[in-house]
Amino acid sequence: MDKKYFVLHLLPSRPDFAQTMSAGERAIMTEHVAYWTALMNQGKVLAFGPVLDPAAVYGLGIIAVEDEEEVKAFIAGDPAATINRYEYFPMMAVVPAQ
């Protein structure tokens with residue numbers, strides 16, 4: 001089965017979240033990085049990380065999955081989904097690195 005690619009957009013709970021995280025929020029975000037790193041090591045994640053948008057830092061990821069249900073499962077398993085929210089969108093195509 002061909003992989004389907006999605007872009008994930010992790011939206012912070014507040015515009016200054018990256019600058020004002022509490023110790024508890026920082027711990028959750030550390031778990032979030034470990035969670036996505038493990039998926040990357042499995043070949044499911046092509047890239048992920050924070051985007052330094054001057055309006056508000058947000059997270060961005062590109063994943064390769066079997067179907068949309070797998071996207072939903074990844075989001076549901078992310079510790080950061082308990083304090084932030086996700087949007088995701090299918091990609092029409094992905095040009096692989098040469």
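Predicted model: local features only at pLDDT ≥ 70, side-chain atom pairs only at ≥ 80, totals over all residues.
**Sheet and helix**

Four strands form an open sheet in the order S2-S3-S1-S4, and their pairing is antiparallel. Strands S2 and S4 lie at the edges, each pairing on one side only. From one strand to the next, the twist averages 15°. Helix H2 packs on this sheet and touches S1, S2, S3 and S4. The direction of H2 makes about 155° with that of S2. S1 and S4 are joined by 6 bridges in the antiparallel sense; within this part of the sheet, Leu8 has Tyr88 of S4 as its bridge partner.

| Strand | Residues |
|---|---|
| S1 | 4-11 |
| S2 | 45-51 |
| S3 | 58-65 |
| S4 | 85-90 |

**Nonpolar core**

The largest nonpolar core consists of 16 residues, and Leu8, Trp36, Ile63 and Val71 have the most contacts inside it. S1, H2, S3 and helix H3 (68-77) each give two or more residues to this core. Not counting residues up to four places away in sequence, Val71 touches Phe6, Leu8, Ile63, Val65 and Tyr88.

**Asp78**

Asp78 is located in the loop that runs between H3 and S4. Leaving aside neighbours within four places in sequence, the residues in contact with Asp78 are His32, Tyr35, Trp36 and Tyr86. Of these contacts, Trp36 is also one of the residues with the most contacts inside the largest nonpolar core.

Key:
Residues numbered from 1 in each chain as written. Heavy atoms only, no water. Pairing = 2+ DSSP bridges. Axes fitted to C-alpha atoms, helices over the stretch in contact; angles between N-to-C directions. Contact = heavy atoms within 4.5 Å. Core = buried A, V, L, I, M, F, W, Y, C linked by side-chain atoms within 4.5 Å. Buried < 20%, exposed > 50% of the residue type's maximum accessible area, 1.4 Å probe, protein only.
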